[in-house]
Amino acid sequence: MSVHPVSLFHTSTHYEELNRRVHQQINSSAAQVNRRTVIVRQSDEREGDWDKLIEHLDAEESVRVTRLDEGSVYLNWTNQHSGCYAYG
């Protein structure tokens with residue numbers, strides 16, 4: 001049985017890349033110790049993807065989302081291992 005080489009690789013969507021970046025930031029040592037961070041949409045990230053991610057974060061019980069000036073978002077959470085970053 002042969003496997004087509006392209007099927008061995010998964011191409012990330014823009015949303016998945018954004019989610020991965022924010023997930024890494026949330027899981028940073030500083031963010032985990034303080035249980036807070038400020039996330040900022042990068043110029044190459046789609047506004048629709050950003051809005052979708054913020055909606056998912058806002059739906060989490062343990063996460064407080066505060067929209068700041070210039071489109072940045074302040075996140076704080078009540079436990080270290082919230083499921084807020086498991087979207088895709």
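Here is a walk through the strands of this predicted model and then its salt bridge.

Let's start with strand β3, which covers residues 73-77. This strand has two partners. On one hand, β1 pairs with β3 in the antiparallel sense, over 4 bridges. If you want a landmark for that pairing, look for Arg36, which sits opposite Asn76 in β3. On the other hand, strand β2, residues 63-67, also runs antiparallel to β3, with 5 bridges between them. Here the landmark is Thr66, found opposite Tyr74 in β3. β2 and β3 make up a hairpin, with 5 residues separating the two strands. Take a look at Glu70 in that turn: its phi is positive, at about 65 degrees.

Next, the charged pair. The structure has 1 salt bridge, and it joins the side chains of Arg21 and Glu45, with 2.7 Å from N to O. These two come from distant parts of the chain, 24 residues apart: Arg21 belongs to helix α1 (residues 14-26), while Glu45 lies in the loop between β1 (36-39) and α3 (47-59).

How accessible are the two partners? Arg21 has a relative accessible area of 22%, so it is classed as partly exposed. Glu45 is at 13%, so it counts as buried; the cut-off for buried is under 20%.

Definitions and conventions: Residues are numbered from 1 along each chain as its sequence is written. This is a predicted model: local features need pLDDT of at least 70, side-chain atom pairs count only at pLDDT 80 or more; totals for chains, interfaces and linings use all residues. Side-chain values use heavy atoms; hydrogens and water are left out. A salt bridge is a side-chain nitrogen of Lys or Arg within 4 Å of a carboxyl oxygen of Asp or Glu. Buried means under 20% relative accessible area, exposed over 50%, partly exposed in between (1.4 Å probe, protein chains only). Two strands pair if DSSP finds at least two bridges between them.
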